[in-house]
Amino acid sequence: MLLPAFSLWWREVLRFYRQRTRVLGVILSPLLFWVVIGSGFGTSFRSGASAGQQHYLDYFYPGALIMIVLLASIFAMMSVIEDRREGFLLSVLVAPVRRSAIVLGKVLGGTTLSAVQGLIFLAFAPAIGVHFTVVRFGLTVLTVFLVSFALTALGFAIAWPMDSTQAFHSIINLFLIPLWLLSGALFPLAGASGWIRLLMRVNPLTYGVEALRSLLFPASPSELPLGSSLLVLALFTVVMFALAFAMASRRSTKPAA
């Protein structure tokens with residue numbers, strides 16, 4: 001099982017290396033959002049107690065990081081549709097390879113790419129006064145990895161039954177972008193109205209944003225404990241991988257038209 005999974009993982013990494021312009025699109029767009037939105041709301045938004053109010057540029061940073069991971073994870077799984085169109089996926093499916101190895105290899109490949117791009121964005125953290133300890137940096141890497149793995153598995157589950165990238169994009173615009181908007185990336189959980197707050201609490205991305213906010217800005221108040229956020233992210237990761245495996249096991253694939 002490990003050799004086929006490693007081969008598919010390595011193929012995703014090589015494909016990304018040959019398309020390095022993808023990094024610019026994934027990183028520069030959230031960077032632009034972070035700078036423009038953070039600077040625009042900076043004078044009208046403050047979070048935290050009056051003695052230690054937080055600038056919106058700082059508040060929005062974890063949300064921009066999650067946006068990078070979201071875009072990189074989901075769009076990495078467009079390779080499932082491309083592989084089907086090129087006939088590569090059919091060749092893999094008729095090979096004596098377990099479906100679990102296919103899922104693991106593809107998901108780990110997308111996870112690696114999205115996690116690396118998210119960690120690259122951490123290079124801007126010192127610019128807003130973030131200073132890591134070894135423990136906090138390790139937990140930050142773990143949080144980014146869990147979010148990357150869960151979202152990549154979700155992207156795999158969405159892309160597996162689809163034959164066109166247009167349908168894939170429509171699902172993303174309808175479902176995944178609102179998932180990010182209701183994660184606490186743009187506005188705090190405490191200030192939301194009742195029904196919005198309920199949606200935010202059942203949104204697993206909220207726990208990723210809050211975990212990153214607790215790790216990057218430990219002095220700022222957090223609505224959710226770090227331990228609880230990491231536990232929810234771990235459960236979300238397991239559920240999403242199980243969903244991806246179930247989709248690959250129960251539904252056959254066919255060449256794209």
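A: A residue is called buried when its relative accessible area is under 20%, exposed when it is over 50%, and partly exposed in between, with a 1.4 Å probe and protein chains only. By that criterion, 49% of the 257 residues of the protein chain are buried. The model is predicted, so local features need pLDDT of at least 70 and side-chain atom pairs count only at pLDDT 80 or more, whereas totals for chains, interfaces and linings use all residues. Residues are numbered from 1 along each chain as its sequence is written, and side-chain values use heavy atoms, with hydrogens and water left out.

The predictor's confidence in each residue is given by pLDDT, on a scale from 0 to 100; its mean for the protein chain is 82, and 88% of the residues reach 70 or more. Residues 48-52 fall below 50, and beyond near neighbours in sequence this stretch has three contacts in the model, where contact means heavy atoms within 4.5 Å.

Helices (H or I, at least four residues) and strands (E, at least two) are DSSP runs numbered from the N terminus, and the protein chain has twelve helices and two strands. Along the sequence these follow the pattern α-α-β-β-α-α-α-α-α-α-α-α-α-α. Among contacts with a separation of 6 or more, 77% join residues 24 or more positions apart.

Of its 62 residues, Trp 34, Tyr 61, Phe 121, Phe 156, Phe 168 and Leu 176 touch the most other members. Tyr 61, in helix 4 (residues 61-76), is buried because its relative accessible area is 0%. Leaving aside neighbours within four places in sequence, Tyr 61 contacts Trp 34, Phe 121, Leu 122, Phe 124, Ala 125, Ile 128 and Leu 216. Leu 176, with the same exclusion, is in contact with Leu 70, Ile 74, Leu 154, Ile 158 and Ile 171.

Ser 148 lies in helix 8 and counts as buried because its relative accessibility is 0%; apart from residues up to four places away in sequence, Ser 148 touches Val 69, Ser 73, Thr 111, Ser 114 and Ala 115. Thr 152, also placed in helix 8 (residues 134-159), is buried, with a relative accessible area of 0%. Beyond four places in sequence, Thr 152 touches Ser 73, Met 77, Lys 106, Val 107, Gly 110, Thr 111 and Ser 114.

Helix 7 (residues 99-121) also packs against helix 1 (residues 2-17): their axes come within 7 Å and cross at roughly 35 degrees, the axes being lines fitted to C-alpha atoms over the stretch in contact, with angles running from 0 to 180 degrees between N-to-C directions. Helix 1 contributes Pro 4, Ala 5, Leu 8, Trp 9, Glu 12, Val 13 and Phe 16 to the contact, and helix 7 contributes residues including Ile 102, Lys 106, Leu 113 and Gln 117.

Technical notes: Core = buried A, V, L, I, M, F, W, Y, C linked by side-chain atoms within 4.5 Å.
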